[in-house]
Amino acid sequence: MNSRRTTAAALLLAAIMLVSAACGDAGSKTQADSAAGTSSPPASSNTGSTDAGADATKSKPSDTPAASTNGQDQADATPGGLKQTAQSGTKSGAKQNASSSGKTGDVQVVANPADIAVLVNKTYKLPENYKPQDLVDPNVPFTFKEKLEKRKMRKEAAAALEKLFEAAKKDNLPLAGVSAYRSHETQKTVYNRYVQKDGEAAANKYSAKPGHSEHETGLAIDVAGSSGKCAAQDCFGATKEAKWLAEHAADYGFIIRYPEGKESITGYQYEPWHLRYVGVDTAKAIVKQGVTLEEYVKNAVPVAKPKS
Ligand SMILES: [Zn+2]
């Protein structure tokens, strides 16, 4: 076990050095992402990077924990919620406990993939063939010029994003999109590449498995200031843009999906750049309660609570 641990640690470290973690999304390694089909600009790790949706972040030690929490997170995350029934029959339970042990334990397929408040994380995955039906190109600047898949978002989210960006611009903090939608195929490509490179265990620490990335819902987007500086990197958290977003995103229906200090619940380290659209009412409630989407969904299920 020790040696195993050591190896794992080494792999992890390597992964972290490469880039690190990510939004559950995808992977975080910048390159890959880009490679993945989405070509991205010079994926150089620094700016603009990635799509990774990654949110590739620079490694913070927290990554690890977060990542490793897998199970735990999930457990917490149990959404029982909003009709998040798992295909497997588990009707949303309030306690769909996803095994607290392991990474892949008890993965559930969400029954409401098209729901605006759908919960997708290390425990809850999208159905294999799911593809959002109303993807459009939001009319906002991105850190790249090409017309790529990663510009897309679901219609409602795209409209909200336009308003959000407009408001930020008005406050003299123009924003740019870095990476939004990622297809299941793209995610698969990215993930498989990591597995091949670092092995599955290591890959799971920094890359979301296909079906588990929020970017596949068309409701998430990584953003940066219009200069692209600190895109999908930890340093973004210290920017005025990040502060502005933390304060105003909910007014437009977005939440900072992976808040600081909530790694054990979300499964991911702090990602100030990863916005998730959930609708204005939900976003405001989440902010007001100071909770994560996982916690919110779990608490907001008065209806299907199997708890006797
Ligand atoms: Zn992201």
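The following questions and answers go through a predicted model of one protein.

Biologist: How many helices and strands make up the secondary structure of the protein?

Modeller: The protein has 308 residues, and 58% of them count as buried. Its secondary structure comes to 11 helices and 8 strands.

Biologist: Among contacts with a separation of 6 or more, what share comes from residues 24 or more positions apart?

Modeller: The count takes in contacts in the protein whose partners have a separation of 6 or more. Within that set, residues 24 or more positions apart account for 72%.

Biologist: In what order do the 4 strands of the open sheet lie?

Modeller: The pairings can be taken one at a time. β5 is joined to β6 by 4 bridges, and β6 is joined to β8 by 3 bridges. β8 also pairs with β7, over 4 bridges. The pairing is antiparallel, and the order is β5-β6-β8-β7.

Biologist: Which are the edge strands of this sheet?

Modeller: The sheet is open, with the order β5-β6-β8-β7. An edge strand here pairs on one side only, and that holds for β5 and β7.

Biologist: Which residue in β8 is the bridge partner of Asp 222?

Modeller: Asp 222 is in β6, where it is the bridge partner of Ser 179. Asp 222 also has a bridge partner in β8, and that residue is His 274.

Biologist: Which residue in β8 stands opposite Ile 255?

Modeller: β7 and β8 pair in the antiparallel sense. Ile 256 stands opposite Leu 275 in β8. For Ile 255, the residue opposite in β8 is Arg 276.

Biologist: How many residues of β8 are buried?

Modeller: β7, which pairs with β8, is mostly covered, with 5 of its 5 residues buried. β8 is mostly covered as well, and the number buried is 7 of 7.

Biologist: Is Arg 257 buried or exposed?

Modeller: Arg 257 is found in strand β7, residues 254–258. Leaving out residues up to four places away in sequence, Arg 257 touches Glu 214, Ala 220, His 274, Leu 275, Arg 276 and Leu 293. Because Arg 257 has 27 C-beta neighbours inside 10 Å, and 20 or more are needed, it counts as buried.

Biologist: What distance separates the C-alpha atoms of Arg 257 and His 274?

Modeller: His 274 is among the residues that Arg 257 touches. The two are 17 residues apart along the chain, and their C-alpha atoms are separated by 6.3 Å.

Biologist: Which element gives the most residues to the largest nonpolar core?

Modeller: This core has 49 residues, and those touching the most other members include Leu 161, Leu 164, Val 223 and Phe 254. Elements that give two or more residues to the core are α5, β5, β6, α8, β7, β8, α10 and α11. The one that gives the most, with 7 residues, is α5.

Biologist: Why do the buried residues of α5 lie on the same side of the helix?

Modeller: In α5, the buried residues are Ala 157, Ala 158, Ala 160, Leu 161, Leu 164, Phe 165 and Ala 168. An α-helix has 3.6 residues a turn, so residues three or four places apart point the same way.

Biologist: What span does α5 reach from its first C-alpha to its last?

Modeller: α5 has 16 residues, and at 1.5 Å a residue the expected span is 22 Å. The model is close to this, with a span of 23 Å.

Key. Residues numbered from 1 in each chain as written. Predicted model: local features only at pLDDT ≥ 70, side-chain atom pairs only at ≥ 80, totals over all residues. Buried ≥ 20, exposed ≤ 12 C-beta atoms within 10 Å, placed from the backbone. Contact = placed C-beta atoms within 7 Å. Core = buried A, V, L, I, M, F, W, Y, C linked by C-beta atoms within 7 Å. Pairing = 2+ DSSP bridges. Expected span 1.5 Å × (residues − 1).
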